[in-house]
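Take a look at the structure below.

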Amino acid sequence: MKHLTCYNILTPNQHGFRSKRSCETQLISTIQGIAKNLKSGKDQVDVILLDFAKAFDKVPFQRLRHKLHFYGIRHNTLQWISSFLNSRTNQVLVEGSISEKLEVLSGVPQGTVLGPLLFLVYINDLPSVCRSSQANLFADDTLLYKHIRSFEDATKLQKDLAALEDWESKWQMSFHPEKCSVLRISTSKRYRRETHYYLHGQRLQVVDSAKYLGVTLSEDLQWEKHTQATAAKASRSLGFLRRNLRDCSREVRKSTYQTLVRPSMEYAASAWDPYKAEDINRLDKVQRRAARFVCNDYKDRTPGCVTAMINRIGWEHLQDRRRQLRLIMLFKIKHWLVDFPEASSIVKSNDRRTRGSQRLFQPFTNVTVHKQSFFPRTIWDWNNLPTSTSDITDIEAFKAALHTAVAAPPMSSV
């Protein structure tokens, strides 16, 4: 890994199995990249979600060794890796009967420390095949997107798919066309171009929403469907707790909500933090039901009773928590605590100083989906923090200061 990092070998488009990168950084990068292309109602971004068929099991040893050698991993190290891969066998045990041993001829050994890194090396050149579109990777999860201003752009995207077919054939990998899908994202259906794409001669299914790394992307880049799915999942978990923990203490009920329910509503929230009132309320309703569960009070229906319960328990509003998560992520990006390739071109200091502190440059946009995407929205919030908070350089001190600074946040929602 030191060798790959030192010579900047791994593609910046890969966020899986890499230090300081995660599903969250990949989602922010992808959603931000799509949103900034939606500059008007006439703009469209076509997103193609690709699904590898048994990706980790299909990596052929000889071709993997060829790529390792190409990237400068040679001599004793390459021999050691070859020894690690060779002479492996599989057996199947069913009801006490054991099959004969079968030699393993392909696939990186799963459950090992080295296996994921070998896979990253093997598919490292995939994004370079796509000449006109952006290819983002999280391990084997592959997503292509391109700004479609004309049908010529759609043709170029189709050529990238054809280039990926050649890459598959050369490196003995394969996508699963039945599980691949196309998502046409635009802010206006009136100007939407009905484009179609093909993989292995099969037309890819066009969908109005698709799940990517656990987050539901919609054709209008809004968060109604994702918040609906998130709230429904959280409600099911809360219902399970209510049925099984009704006789437990208040502290146990509070702890189980904070451990098992709330995290599912905040997964990668910095990437999709909703700004519409109905989406915000949809998630808040779950926490309000959780407050009744913790306090074991389902009868009091007076106005403000649930808000009083939440205040007694000491919970912050979910919207405030999501805003804190966005600001903490921006802090990490600004101070290089996460590896975010686009950061240097986006997170820039403004020339002017406000109240003695240097602020960040605010990207201009007049399109809501871009304005409410991570960087424009969070930079606006950052610039409205007290300087005593934004000037902090220690992550733990910054988190502590946010609890006070975000108590009454300036509204950036529409």
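Leu 50 has Thr 142 of strand β7 as its bridge partner. This is a predicted model, in which local features need pLDDT of at least 70 and side-chain atom pairs count only at pLDDT 80 or more, while totals for chains, interfaces and linings use all residues. Residues are numbered from 1 along each chain as its sequence is written, and side-chain values use heavy atoms, with hydrogens and water left out. Helices (H or I, at least four residues) and strands (E, at least two) are DSSP runs, numbered from the N terminus.

Strand β1 covers residues 44-50. It pairs with β7 in the antiparallel sense, over 7 bridges. Two strands count as paired if DSSP finds at least two bridges between them. Strand β6, residues 134-138, is also antiparallel to β7, and 5 bridges join the two. Gln 134 stands opposite Tyr 145 of β7. Ala 135 has Leu 144 of β7 as its bridge partner. Between β6 and β7 lie 2 residues, and the strands form a hairpin. Ala 139, in the turn, has a positive phi of about 55°.

How many of the 8 residues of β7 are buried? The count is 7, so β7 (residues 141-148) is largely enclosed by the rest of the structure. Buried means under 20% relative accessible area, exposed means over 50%, and partly exposed lies in between (1.4 Å probe, protein chains only).

Axes are lines fitted to C-alpha atoms, for helices over the stretch in contact, and angles run from 0 to 180 degrees between N-to-C directions. Contact means heavy atoms within 4.5 Å.

Next comes helix α12, residues 305-313. Which of its residues are buried? They are Cys 305, Val 306, Met 309, Ile 310 and Ile 313. Seen down the axis of α12, these buried residues fall within an arc of 140°, so they line one face of the helix. The arc is that of the directions from the helix axis to the C-beta atoms. The face turned away from the buried side carries the exposed residues Asn 311 and Arg 312. The buried residues of α12 pack against α9 (250-265) and α11. Gly 314 follows α12, and its phi is positive, near 95°.

Helix α11 (residues 277-295) also meets helix α13 (residues 318-334): their axes come within 9 Å and cross at roughly 115°. That makes α11 roughly perpendicular to α13, a term for angles of 65 to 115 degrees. From α11, the contact uses Ile 280, Leu 283, Asp 284 and Gln 287. From α13, it uses Leu 318, Gln 319 and Arg 322.

Arg 322 also touches Ala 269, as do Glu 24 and Leu 325, leaving aside neighbours of Ala 269 within four places in sequence. Ala 269 is found in helix α10 (residues 269-272). Ala 269 is buried, with a relative accessible area of 0%.

Methods. Parallel < 35°, antiparallel > 145°, perpendicular 65-115°, else oblique.
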